[in-house]
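Here is a short report on how one chain folds. Have the viewer open as you read.

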Amino acid sequence: MKTIKVSVVTPDGPVYESDVEMVSTKAGSGELGILPGHIPMVAPLQIGAVRLKNGGKTDFVAVSGGFLEVRPDKVTILAQSAEQADAIDIDRAVRAKERAEQRLNDQKRDNVDFKRAELSLQRAINRIKVSEKHF
């Protein structure tokens with residue numbers, strides 16, 4: 001089967017680079033499935049998992065927003081942050097989730113930035129879900 005080159009890059013450097021048969025991710029407009037030869041496009045990404053299928057194997061990368069650039073022979077994901085499933089520190093993600101939930105539940109404080117706390121919670125939940133998909 002044909003493959004397409006995929007690069008997941010953050011400001012800290014590359015996170016994932018490989019040839020895959022299919023890329024699936026969640027963009028602002030909905031779920032995207034990209035195969036080799038896909039039409040060129042650019043799309044904003046939501047906090048979510050990038051699924052990279054090659055043969056019978058699927059790799060998962062947790063991304064926290066960013067952009068997806070598709071060319072017929074290459075997909076580049078420019079993410080604010082990204083981690084491969086096997087590199088996620090699950091204990092750290094659980095602690096981040098608990099902190100975000102605490103901030104959201106603490107309605108007595110005037111200095112709590114609820115939007116920021118909601119995004120922190122979404123990122124933590126995404127990291128936990130992606131790490132659970134890695135066996």
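The text below covers strand pairing, one serine and a helix pair.

**Strands**

This is a predicted model. Start with strand β6, residues 57-71. Its pairings are set out in the table.

| Strand paired with β6 | Residues | Sense | Bridges |
|---|---|---|---|
| β5 | 41-54 | antiparallel | 13 |
| β7 | 74-79 | antiparallel | 6 |
| β8 | 82-84 | antiparallel | 3 |

β5 and β6 form a hairpin. Between these two strands lie 2 residues. G55 sits in that turn and has a positive phi of about 65°. Another hairpin links β6 to β7, again through 2 residues. For that pair, R71 has K74 in β7 as its bridge partner.

**Serine 24**

S24 belongs to strand β3, which spans residues 22-27. Is S24 buried or exposed? Its relative accessible area is 5%, so S24 counts as buried, the cut-off being under 20%. Leaving out residues up to four places away in sequence, S24 touches E31, L32, G33, A49, V50 and R51.

**Helix pair**

Now turn to the helices. Helix α1 covers residues 90-105, and helix α2 covers residues 114-133. Their axes come within 8 Å. The crossing angle is roughly 150°. Angles over 145 degrees count as roughly antiparallel, so α1 and α2 are roughly antiparallel to each other. The crossing is left-handed.

Which residues meet in this contact? On α1 they are I90, R92, A93, V94, A96, K97, A100, E101, R103 and L104. On α2 they are F114, A117, E118, S120, L121, A124, I125, R127, I128 and S131. By class, the contact of α1 with α2 has 12 nonpolar, 2 polar and 6 charged residues.

**In brief**

α1 and α2 are roughly antiparallel, with a left-handed crossing.

How values were computed:
Residues are numbered from 1 along each chain as its sequence is written. This is a predicted model: local features need pLDDT of at least 70, side-chain atom pairs count only at pLDDT 80 or more; totals for chains, interfaces and linings use all residues. Side-chain values use heavy atoms; hydrogens and water are left out. Axes are lines fitted to C-alpha atoms, for helices over the stretch in contact, and angles run from 0 to 180 degrees between N-to-C directions. Helices (H or I, at least four residues) and strands (E, at least two) are DSSP runs, numbered from the N terminus. Angles under 35 degrees count as roughly parallel, over 145 as roughly antiparallel, 65 to 115 as roughly perpendicular and the rest as oblique. A crossing is left-handed if the near helix is turned anticlockwise from the far one by less than a right angle, and right-handed if clockwise. Contact means heavy atoms within 4.5 Å. Ala, Val, Leu, Ile, Met, Phe, Trp, Tyr, Cys and Pro count as nonpolar, Asp, Glu, Lys and Arg as charged, and the others, Gly among them, as polar. Two strands pair if DSSP finds at least two bridges between them. Buried means under 20% relative accessible area, exposed over 50%, partly exposed in between (1.4 Å probe, protein chains only).
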